[in-house]
Amino acid sequence: MKESRNAIHSDDYSLDSAGVSGTISNVSIYTRMKGVGTTNCYGGPYMLTWFEALSVYFESGTYNKLTTTWTDYSKSLDTNPHTSSPWTWEDIALLRMRIKLRGYNSSSYACCSKAWIVVTYTEAITGMTRRRIIRMPFN
């Protein structure tokens, strides 16, 4: 995925949490990005959380000035940012990841090669801490 215009390009991704149970302690989103050409390229991962009371998604994330080498950028939250409550599996089922890129021109653009979400949780049956990694499919 790349953006070569002086405009913001974004893609949204959802995930499948079927068959997983336990107490969630943290949700992190990651992207691997770089700028090509000049240093006027920006990008970042954003978390879109569902707010039931208003039936809308809210966005929280980080917009970074990209380096010219592949770098991992992340956003990590211990609680749902819009309810301040611990994450639930229903929250995870409704969670979306947004990747934003902004390039400068055709010879200076932002790239994203990978995106993934990590849900850290304590398994209900064994009490063991697990991480579920969900990789985002790029077209």
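Trainee: Why does serine 60 count as buried in this predicted model?

Mentor: Its relative accessibility is 14%. Buried means under 20%. Serine 60 therefore counts as buried.

Trainee: Where does serine 60 lie, and which residues is serine 60 in contact with, leaving aside its neighbours within four places in sequence?

Mentor: Serine 60 lies in strand S5, residues 56–61. With those neighbours left aside, its contacts are Tyr46, Met47, Lys75, Leu77 and Pro81. The C-alpha atoms of serine 60 and leucine 48 are separated by 6.6 Å. Those two residues are 12 apart along the chain.

Trainee: How do you know that lysine 34 has no salt bridge?

Mentor: Look at the nearest side chain of opposite charge. That is aspartate 72, 12 Å away. A salt bridge needs a nitrogen within 4 Å of a carboxyl oxygen. Lysine 34 has none, yet is buried.

Trainee: Which strand holds lysine 34, and what is in contact with lysine 34 beyond four places in sequence?

Mentor: Strand S3 holds lysine 34. Beyond four places in sequence, its contacts include Leu66, Trp70, Tyr109 and Cys111.

Trainee: What makes up the largest nonpolar core?

Mentor: That core has 25 residues. Ile24, Val27, Trp87, Ile92 and Val119 have the most contacts inside it. Strands S3, S7, S8 and S9 and helix H1 each give two or more residues. S9 gives the largest share, six residues.

Trainee: Which residues is valine 27 in contact with, leaving aside its neighbours within four places in sequence?

Mentor: Among them are Met47, Leu77, Trp87, Ile92 and Ile117. Lys75 and Ser76 are also in contact with valine 27.

Key:
Residues numbered from 1 in each chain as written. Predicted model: local features only at pLDDT ≥ 70, side-chain atom pairs only at ≥ 80, totals over all residues. Heavy atoms only, no water. Core = buried A, V, L, I, M, F, W, Y, C linked by side-chain atoms within 4.5 Å. Buried < 20%, exposed > 50% of the residue type's maximum accessible area, 1.4 Å probe, protein only. Helix = DSSP H or I, 4+ residues; strand = E, 2+ residues; numbered from the N terminus. Contact = heavy atoms within 4.5 Å. Lys, Arg positive; Asp, Glu negative; His and termini not counted.
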